[in-house]
Amino acid sequence: MASALIHCSLYTANKKASPEQNKPPKTTPVKRQNTRKSPFVKRTRPKTSLALLVRPNDLNVTRDLCGFVESGLMDNALNMFEKMNHSDTFIWNVIIRGFTKNGLFQEAIDFYYRMECEGIRSDNFTFPFVIKACGELLALIEGQKIHGKLIKIGLGLDVYVCNFLIDMYLKIGFIELAEKVFDEMPVRDLVSWNSMVSGYQIDGDGLSSLMCFKEMLRLGNKADRFGMISALGACSIEHCLRIGMEIHCQVIRSELELDIMVQTSLIDMYGKCGKVDYAERVFNRICSRNIVVWNAMIGGYALNNYFSESFACLKRMQEDDKVIPDVITMINLLPSCSQSGALLEGKSIHGSERFINQDRSHAHTNLIYDVLDILMRKIGEDIYLHSLTKFRPLDVVKKRANSPEHHSVKLAICFGLISTAIGNPVIVRKNTRICEDCHRAAKKISQVTKREIVVGDGKVFHHFRDGCCSCRDYW
């Protein structure tokens, strides 16, 4: 949208970085072809007489510009911007904020570089939205460039800016860089602490999340609903019932016991800590339950081997509250289905299924791909999110469509996991030799699921147990 208006002939933001500058740990660099038109588009300002130029300090025009941005009418906002005096940093910030808020993240970064080219001084209100755009695009190199500029101009320790830097690094998956920003902050506010508590929890490091939460309280900061929800999630990861109950007490003292997000987190925490009766008490106090609340309770029953209760809860959800199950509901029910033999008629169906690469003809395709996505994230094989440093979502979709992530062996393994009883081996036959990527994935899947996986590839049978293969990686 109006891309010619936001580029400068001196723009250098898309210079290709060396692999060493942005090499994520334990991933294979992926070469991405640039399908986007060259950003080196020279933009000539339209010839306008001085009498027609509108000064940016004209409050009516500035108000109209902000109105266009808030309404998402960025074409109109850009047209008005071109008639204004460009020396005012404020109107540049308005446009950059508008691009970011309307999901035009690459345009926000491009416009920032045009601002730099025209010699307009950026301030601490400019950078947060540019940083946010980098985070949304997972553009690590661009984010680090902005970070370096912040340090150079003396804004590297600004609390407001640092909070956006922490959020950006956490979104991209570089928690060590977020830690570095956090540790160097002379002053931290509640947003800073919440970001780190949440970042550790999302990364699966429940212990670090709880330690950060405890340190926040020790320093006199009062936890809000966001911090408590993240800390309860960390308790679920580490099965810390005592700390979870202490946070529950804080929830009551803070009068947050009726907050549905907090209640859902409590249900999840008690369920994963083995206290299903406590989870039921919280659940029964909720008057208006959404799909997330029901899923938490169903998951708690299934996780603690209350299989009949989990199906009864599903029936209540559909009949009493008229809530339609989603993919999370099905995944939470997997343990119950495997034990009761209710899902996909068990091994009899599993034995006759066939898959091809990128197969989407199966009756349970959506469920299989959802399980595959969860497993790939669990074993750290979502390479297209961690090896690319700057891309649009469409690029990821295109690369994933042709990726080994959707090879037939992985699809068959996922189907076997959801259609056989827990503890039974998953047996897959393949008419050609298993590829290296599927072999590596099968080892990791056997480790995280605690299941034996047998893959016969026409030459040899590979027995995967506890992260190892019987072929000793030689086949």
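Student: Which residues of helix 5 meet Ile96, Arg97, Thr100 and Lys101 in helix 3?

Tutor: The model is predicted: local features need pLDDT of at least 70 and side-chain atom pairs pLDDT 80 or more, while totals for chains, interfaces and linings use all residues. Numbering starts from 1 along each chain as its sequence is written, and side-chain values use heavy atoms, without hydrogens and water. Helices are DSSP runs of H or I with at least four residues, strands runs of E with at least two, numbered from the N terminus. With contact taken as heavy atoms within 4.5 Å, the helix 5 partners are Phe129, Val130, Lys132 and Ala133.

Student: How are helix 3 and helix 5 oriented to each other?

Tutor: Axes are lines fitted to C-alpha atoms over the stretch in contact, with angles from 0 to 180 degrees between N-to-C directions. The axes of helix 3 (residues 89-101) and helix 5 (residues 127-136) cross at roughly 25°. Angles under 35 degrees count as roughly parallel, over 145 as roughly antiparallel, 65 to 115 as roughly perpendicular and the rest as oblique. The two helices are therefore roughly parallel.

Student: Is Arg114, which meets Glu118 in a salt bridge, buried or exposed?

Tutor: A salt bridge is a side-chain nitrogen of Lys or Arg within 4 Å of a carboxyl oxygen of Asp or Glu; here the N to O value is 3.0 Å. Buried means under 20% relative accessible area, exposed over 50%, partly exposed in between (1.4 Å probe, protein chains only). Glu118, at 36%, is partly exposed. Arg114 has 1% relative accessibility and therefore counts as buried.
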